[in-house]
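Please look at the helix packing in the entry below. My notes follow as numbered points.

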Amino acid sequence: MNFQHNPVSTDPHNTDFFPGGVSDVKRDGATILFRSERGVMLRLQAVSDSVIRLCYATEGFFDADFSYAIYKDYESSFAHLELTEEETGWSVTTATVQVRVSRSDMRVAFFSVDGGIEINRDEKGFHWEPHPEFGGNIVKMSKHVYPGEHYFGLGDKATSMNLRGKRFMNWATDEYGFGVERDPLYKAIPFYIGVQQQKAYGIFFDNTFKSYFDFASERKTATSFWAHGGQMNYYFIYGPDAISVVERYTNLTGKPELPPKWALGYHQCKWSYYPEEKVREIAREFRERQIPCDALYLDIDYMDGYRCFTWDKEKFPEPTQMISDLARDGYKVVTIIDPGIKIDRNYWVFNEGFEKGYFCKRADGVNMKGKVWPGDCYFPDFTRPEVREWWAGLFKGLIAENGIRGIWNDMNEPAIFEVESKTFPGDVRHNYDGHDCSHRKAHNVFGMQMARATFHGVKNFARPNRPFIITRSAYSGTQRYSASWTGDNIASWEHLWVANMQCQRMSISGFSFIGSDIGGFTEHPTSELYTRWIQLAVFHPLMRTHSSGDHGDQEPWSFSPASLAITKKFIELRYRLLPYQYTTFWTYVTTGTPMLRPLSLVHMDDPNALNRNDEFFSGQHLLVAPVVEAGAESRYVYFPQGKWYNYFTHEILSQPGEQRVAAPLELMPLFVRAGAVIPQYPVMQYVDERPLDKMELWVYYSTERVQSELYEDEGDGYEYRKGVFNHKVFTTRGTDKSQLLGQNVRGKFRESYEIYEIHLVGLPFVPSKVSLDDLEIEVDFHQGENGHWVVEVPRQFDVLKVE
């Protein structure tokens, strides 16, 4: 590979500068420093065999090496690292990737060690121009675009899955009622995945300034990313498959803790439920109608004049008693907390923050003042450690004293009313954990650091329970602290489609604990739209209905009787599938595997699958194809290789490719991989309403050997960290006369049940006997409503055989 030399620009209309040729190379352990003839430095670091960090400095020194995104306990390791000099440059080789740096112009290319395939290479490569207003540089990188290359990721962008041909900005923005293709939105996650020649790689551009990504939009031959400040600092992450790229990125930026299991139940929210009697009425209605629900939310109207950490004593005269009463009926209450602190000398939170100097300041030293819900407010500098510690301590009243179980951080882009920018001026100063900077650098991490402080406060005061946090704004790594939702969406079919795109995209951007406002936050959905949204949301890790009250009621019973019957059935399905969802979450926090897995990435070696948008996998074995068009009674579904069972009818589909499947309103296209074991609970009105007396295992017949998992613990608390959990691996294989189910159990959690209720789907024979570890036991078979066979057996066995 020969690169052409790129000189410093002499065109007065092109102010870009380039590094020039390499003049010096030095290695120090896992780090190799390349210095150009013009004094530009490239620091190339092998973070692991598949993760390479590249950082450029234009003036002979690097900025302090500090990142909010990188997980502090991430362990850098590699099996092999070799530096070799060649005629045209240098090669840095790990066990999986070879990086070639051009002698003539410092451009970089990445190759797979296995097969020597070129995965990614610089087009113009690194270049920069001085920032004309603020000093420093606008740092730029352009990469070559390959024929057929697809791009995915970048967080909450409201567009189709493949990003090719589009340009985006990363600047966290409060965008009420955003439209399709509207950009930027609430989050700034500078990570994308490229797929070409059936190989996948990732680029994580860890720069918190306002940044841009152009995926062959301006120039068809180049994908570029750049930032208005900071350094060109990015990580190249090799797969070779896309899911491995996501796993490596998620491990690099950090995985969350296990949430309390109730957080995976159904949540009901509105702007706003008040007074207290209205909250109690909503709670009674769910239980009387026997619609499962675990969490009720209180929006800003529970506060005294929108003052955070206070209660409106007229609307909620006895909040602790109300929360206690709701808890006895299985409800957990989540309250909103915004960053804006009302300027009021009679308000204790304001006084503490003001007297300690904890609020953000403008460049000339005055406090940053902006209007939000309470009126004029000051805002804590969450990038300052002592401010985060102070903020965490403020949750004692809500969590430890009132009994609130979760906190909802909103408006933390940060959002400001009545200004064109919708946010802080660029001159606002931040501590940035000892690396003082302006808001230009801190803006995109403001919400992240608020969520971080909130997480530590709730975790401290919620013990022995686990914390639950939800944030609107996020930067890479925020998944360590919080769940999120997609913001102020609209009750429209278009937005139902967008919700599907955004949640898949967030999941492959390291942030699996994600959902949308079911039914839309603004305007009011039809019964059909709300029903279809509930069906999709069953498979989103965060399942929450939320709406603006001035557009009408949005509880499940607010729609037609037919819609209510269907939505109730699907909320019950969510609770039936909780052991599967909880296991999928455990896999995410253990390995970084995304909970929602786009069909296009799971089967990226299939060119037809690579171009799909709607279909995705929930966990390992469920293929979901939501209906996102009004009046649809069927839809086309693309099936990858293998056999698939319709979850509801047990019909088996064995032909790969696109097929039209029935999708009446009372159903949705949902399919189970043949050979899978899907654990299910009986329907409960809330998580752990009663002890389980048996666990259902739905076994889908296949002649292939297939593995499935079940993770169990107490559902809250931290005993699982002491080994009080069970990790069960099930292995299935069928013949024309038998079905085998193997079980391997690790852990010391004691289940409340002693019985597995085995549901055998798709057997090609009529079963008559069961053996556990080669000993035949006496059982009774009966048939379920779709003709499958059901049998109960003791849960303790290594191998079960049905004949």
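1. Buried here means under 20% relative accessible area, exposed over 50%, and partly exposed in between (1.4 Å probe, protein chains only). The model is predicted: local features need pLDDT of at least 70, side-chain atom pairs count only at pLDDT 80 or more, and totals for chains, interfaces and linings use all residues. Residues are numbered from 1 along each chain as its sequence is written, and side-chain values use heavy atoms, with hydrogens and water left out.

2. Helix α9 covers residues 527–537; helices (H or I, at least four residues) and strands (E, at least two) are DSSP runs numbered from the N terminus. Nine of the eleven residues of α9 are buried, namely Leu529, Tyr530, Thr531, Arg532, Trp533, Ile534, Gln535, Leu536 and Ala537. Their cover includes α8 (493–507), α10 and β33 (543–545), where contact means heavy atoms within 4.5 Å.

3. The axes of α9 and α10 (residues 561–576) come within 9 Å and cross at roughly 10 degrees. The pair therefore counts as roughly parallel (under 35 degrees; over 145 is roughly antiparallel, 65 to 115 roughly perpendicular, the rest oblique). Axes are lines fitted to C-alpha atoms, for helices over the stretch in contact, with angles from 0 to 180 degrees between N-to-C directions.

4. On the α9 side, Ser527, Tyr530, Thr531, Ile534, Gln535 and Ala537 meet Ser563, Ile566, Thr567, Phe570, Ile571 and Arg574 of α10.

5. α10 also packs on α11 (residues 578–591), at about 55 degrees with the axes 5 Å apart, which makes α10 oblique to α11. Arg574, Tyr575 and Arg576 of α10 and Leu578, Pro579 and Gln581 of α11 make this contact.
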